[in-house]
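Please consult the sequence and the structure while reading.

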Amino acid sequence: MLGTSWSVRNYGWLLPALPAVRSTRCNMPSRFRSRRLRAKAVVLQNSEEGEAAVVTQAEDFSKDWKDFGRCPPEIPPLVKRLIWEVKALEVELGEKLTFGGPRGCLQGRAKVAEEHRHRTFMGYLPDNEERLQFFSARQVACRILGCRGYLCKDCWLPLADCMCAKVKKFPLWSGIQLWIYMHPKDFLRKNNSGKLLWQVFGNDSTHLCVCGIEEQENAMWEAFRQSGQGSIWYLYPEQGNTHINEINLPRQIKSQMLECGKTKTTLNFILIDGTWTNSKMMVNRLQDRAGVTWKDQRMQSLSLTPEKHSVLHGLRPQPSLDRTCTAAATAQLLRELDLKDELSGCELGQAAAALDEGLKELLQALTIRLEKSGRAGKLTQYFSNF
């Protein structure tokens, strides 16, 4: 249902009907829990600890969304609603939420209760589009809750291992806009390389869009409509794709400058950030939306011609050269664009080199974390070759 707009408001009446979590530590009658948990504030006396636990819908998660989601402070309504639903488990179970594991997942009884509740709700949704939106919002909501105060908002590493000070920034030419189209399971993933793009190039040239988050996807496609179909490409290694040296760029792109220093013509490149299993679904989603937006016309796809594996290959091995991490693919894209006569002098080669240096810093930070846990293996030896 890509042509329709779906929101939690359309199905908000279902949420109060979800099964309440039964707990002997909760003094609230089960038949009243669902509705009362959605009040502005609920106070539960924990009989064992003797402390009052307060869950309030007035708690502001807008800053966390702006920091982690790289978006304006308006948090998507569905994400906000699901954050409240998870926080309400503190009241239902009478205990603080705990998060752990490599991705900061919900732990203990709260995890079982949350999965049961949301799997039940998924059964109410009539089609795949709505299920994807709910799934994505749930992933984002849980990860924001689990990572606030723990992960750095820029490098997505624990604050104790933050690498931001080691990454050198380099301004990307204003005529290029990079869109990280990320699968929700890769959101706030510590070894994700796509985060390096905004660390190196900043927020003016790099944009994050989580697949299935309606507000982010609509904003991305609005920018595409303004740019025009001929200036949008996505990177994906498949047969029949166009190579960089085969694309036609407007020769006047460098000379068309506004007073603010930005070009009238913007080149938009979409970087698919997800596992190879998930990325195919994301490519199909892009093409479906392109068909709706541009009357059955397909989006242009690009393939790269890298000569060697990225520095992260030792940490995340790939079966072939054309399958690489998001940051390495972006660096290769900029190197190949730098060879185009129309873009000569835009310092894209230097931008690619700065991103390569950022990749080395990321590998070193991840290697140090693995060494602390005793799981480094041969990574230290591999890193010394770069």
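## Buried residues and packing

Gln199 is placed in helix H7, residues 196–201; helices (H or I, at least four residues) and strands (E, at least two) are DSSP runs, numbered from the N terminus. The model is a predicted one, in which local features need pLDDT of at least 70 and side-chain atom pairs count only at pLDDT 80 or more, while totals for chains, interfaces and linings use all residues. Residues are numbered from 1 along each chain as its sequence is written, and side-chain values use heavy atoms, with hydrogens and water left out.

With a relative accessibility of 4%, Gln199 counts as buried; buried means under 20% relative accessible area, exposed over 50%, and partly exposed in between (1.4 Å probe, protein chains only). Apart from its neighbours within four places in sequence, Gln199 has contacts (heavy atoms within 4.5 Å) with Asp154, Cys155, Met163, Cys164, Val167 and Lys169.

Phe187 belongs to the loop between strand E5 (176–182) and H7, whereas Pro158 belongs to the loop between H6 and E5. The accessibility values are as follows.

| Residue | Relative accessibility | Class |
|---|---|---|
| Gln199 | 4% | buried |
| Phe187 | 0% | buried |
| Pro158 | 6% | buried |

Neighbours within four places in sequence again being set aside, Phe187 touches Phe68, Gly69, Val140, Arg143, Ile144, Trp156, Met182, Leu208 and Val210. For Pro158, with the same exclusion, the contacts are Tyr150, Leu151, Lys190 and Arg369. Pro158 and Cys147 are eleven residues apart along the chain, with 8.7 Å between their C-alpha atoms.

## Helix H2

Why is helix H2 described as largely enclosed by the rest of the structure? Six of the eight residues of H2 (residues 62–69) are buried, so the helix is largely enclosed. The buried residues are Ser62, Asp64, Trp65, Asp67, Phe68 and Gly69. They pack against helix H6 (128–147), strand E6 (206–210) and helix H8 (214–227). Arg70 follows H2 and has a positive phi, near 55°.

## Helices H3 and H5

The axes of H3 (residues 77–87) and H5 (residues 108–122) come within 10 Å and cross at roughly 135°. Such axes are lines fitted to C-alpha atoms, for helices over the stretch in contact, and the angles run from 0 to 180 degrees between N-to-C directions. H3 and H5 are therefore oblique to each other, given that angles under 35 degrees count as roughly parallel, over 145 as roughly antiparallel, 65 to 115 as roughly perpendicular and the rest as oblique. In this contact, Leu82, Glu85 and Val86 of H3 meet Glu114, Arg117 and His118 of H5. By class, the contact of H3 with H5 has two nonpolar, one polar and three charged residues; Ala, Val, Leu, Ile, Met, Phe, Trp, Tyr, Cys and Pro count as nonpolar, Asp, Glu, Lys and Arg as charged, and the others, Gly among them, as polar.

## Strand pairing at E10

Strand E10 (residues 300–303) runs parallel to strand E7 (residues 232–235), and three bridges join them; two strands pair if DSSP finds at least two bridges between them. Tyr234 stands opposite Ser301 of E10. Strand E8 (residues 242–243) is also parallel to E10 and is joined to it by two bridges. Here His243 has Ser303 of E10 as its bridge partner.
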